[in-house]
Amino acid sequence: MSYQVLARKWRPRTFHELVGQAHVQRALVNALDQGRLHHAYLFTGTRGVGKTTLARILAKCLNCTANGRGDEGITSTPCGQCDSCQAIDEGRFVDLIEVDAASRTKVEDTRELLDNVQYAPTQGRYKVYLIDEVHMLSTSSFNALLKTLEEPPPHVKFLLATTDPQKLPPTVLSRCLQFTLKHMPPERVVEHLTYVLGEEGVAFDESALWLLGKAAEGSMRDAMSLTDQAIAFGQGAVRHADVAAMLGTLDHRHILGLAESLADVDVQRLLSEVAELAEQGPDFAAVLDELSSILHRLAVAQMVPDAVDNSHGDRDAILQLASRFTAEDIQLYYQIGIQGRGDMVHAPDLRSALEMTLLRMLAFRPQGVPKPPRTPLPLRREPSQSAATETSAQVAETPSPAPQPSPAADAKPEVHSTPGAQPETPLEPSPEQTASAAEEEPPLQEPPPWAVEADTQASEVEAPQQASEPEAMSESELVTEPKPVTEPEPASAPAPDSEPQTVEPSTVLAPEAFPESRPDIQSGKLDNAQWLQCFDSLGLGGLTRNLAGNCLVESDDGTLLTLRLDPSQEAMQAEVHQTRIERALKEQGMPRRIAFYVAELSNSLETPRQREERLNKERHAQAVDLLNHDPHVQKLQQAFGAKLIESSVKPANAMR
């Protein structure tokens, strides 16, 4: 079996046999059926996609005599049996003049060709000029062709084909109907080769066809040629190993192995894969290019799984591998790979450059998590966040009434945090709060998110103030962003009668003054409860606060304070943070040297960070509940159909 046998046997004979060019087929079939013919057609596209074949099929449609010899005999489905069709298939049709413009570029050749345009066709209905690679004609040849192309005789049709339409003069392009043939994707090539080899009874490996489809680079003609060569190389069968050896391409499975080693953070396997690749004598720069390409496909798979390129037939493997990377790691590895590709020219040898680039990917990977977690696909915004954003936009578009002082009849009594004083409407704890309270020690008394303005005429409930506390605001005023916070009115002043005050969902409430007392432990030992109590008074910030906030007190002998650090924060350790914590303790009258002990945290104790998150959740829940029961908010909901966006509620005294 030879290439000529395959090419001639499977060459398209009609429009319906064309592979992957349905858009051109539809336009030409409709034009032929309706008799709307143009005098010049231009077919463009890369090599081997069927430009010349399409022109020959069109020539058969114009000259087929199965339905008669007049103009009514033009058809979109040539019979292939009449004398004209057979003569065109065999290349002996007198009225089909095929010209290779690459070899006949002189103006004399073009003039000689056009001298016979005026004569009527000898054998067929139309005289068809098929000029291949028309962009190779000289400027003088185009000028000679232009007049005839503009006003040709009625019995002449021009079919032009080119791979580079940008080189054609605009005057020629404007006088032709242009059809661009599509680049053949590997999926379409593999599909067609599967059908052809199945009909021919040739055994094949599907992975071998993917290698051929990739090597064809969009050309079906090249794919058929390579397939015929693979059949000869494999002694009548198309096998993966034979095709890989014939093409001399990289084994894609090794590139996937490199990506899997990066996912597992397995340096041993990573270097082993490079050693196996080295035995094949590959181009290591091409290896890095292929790996970067896989990283790009992994990023696409995480965002839009349906858009993953399947040019290697490994879509399922890519989708599975994408869930083993974090999005940040993929972006980092890709950037390092691109940078390493540019640095290869300065490396002593390409293999060491590849290995250093791969090792750099793992060395600069963010530390703290031993192994990348599995990433759910696709990555997208949470539905609740998306819905909240849309609702927020709707509420923002709805004009709200101007704020007015609240009436005395609708005011709520002030809520206090003094032990023994309970609000009139108790708040039911969430399931998370109940579970947390059952497992941990009783939390310190925390003030509510805000104090609701009290009506002195309706209620005389007042919170006792501690004598040792500094001067603090007795009430919290409702402040709507972005308006500045105004000074609160004295508690003794009665609320005037006016319209209800409106509260927007994004309301931020002014903070109250909550005095903090520092534990007197200068001469004693610091335990975890006292660590929690004095943490905010240390005045730490930034990364230092984050590091200290994830620690429990392991031990304290009065001189050395050992802090147990969460393993996920191990990479944050630095001498500068240790120095800042020691200085802050000394300023608070607790001089200590600090030592960190990395170990899993105890579930029975609470770090400052965990305490902060728990209190913020509790305060947020209280704030949402108070807003939901606020009569003014309820009136807004009833009057305007407003919705409370819980994610926008920010308790003013929330811990940072």
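The model here is predicted, so local features need pLDDT of at least 70 and side-chain atom pairs count only at pLDDT 80 or more, while totals for chains, interfaces and linings use all residues. Residues are numbered from 1 along each chain as its sequence is written, and side-chain values use heavy atoms, with hydrogens and water left out.

Strand S11 (residues 560-565) runs parallel to S12, and the two pair over six bridges. Pairing calls for at least two DSSP bridges between two strands; strands themselves are DSSP runs (E, at least two residues), as are helices (H or I, at least four), numbered from the N terminus. The whole sheet is open, has three strands in the order S10-S11-S12, and mixes its pairing. Strand S10 (551-556) and strand S12 (593-598) sit at the edges with a single partner strand each, so one side of each is left without a neighbour in the sheet. From one strand to the next, the twist averages 30°.

Next, a helix pair. Helix H16 (residues 327-343) packs against helix H17 (residues 350-363) at an angle of about 150°, their axes 9 Å apart. That makes H16 roughly antiparallel to H17, a label for angles over 145 degrees. On the H16 side, Tyr333, Ile336, Gly337 and Gly340 meet Thr357, Arg360, Met361 and Leu362 of H17; contact means heavy atoms within 4.5 Å. Sorted by class, this contact has four nonpolar, three polar and one charged residues, where Ala, Val, Leu, Ile, Met, Phe, Trp, Tyr, Cys and Pro are nonpolar, Asp, Glu, Lys and Arg charged, and the others, Gly among them, polar.

Another strand to look at is S3 (residues 127-132): five of its six residues are buried, so S3 is largely enclosed by the rest of the structure. Buried means under 20% relative accessible area, exposed over 50%, and partly exposed in between (1.4 Å probe, protein chains only). Strand S2 (residues 96-100) pairs with S3 in the parallel sense over five bridges, and isoleucine 97 has tyrosine 129 in S3 as its bridge partner.

Finally, find glycine 236 in the loop between helix H10 (220-233) and strand S7 (237-238). Glycine 236 is partly exposed, at 40% relative accessible area.

Methods
Axes fitted to C-alpha atoms, helices over the stretch in contact; angles between N-to-C directions. Parallel < 35°, antiparallel > 145°, perpendicular 65-115°, else oblique.
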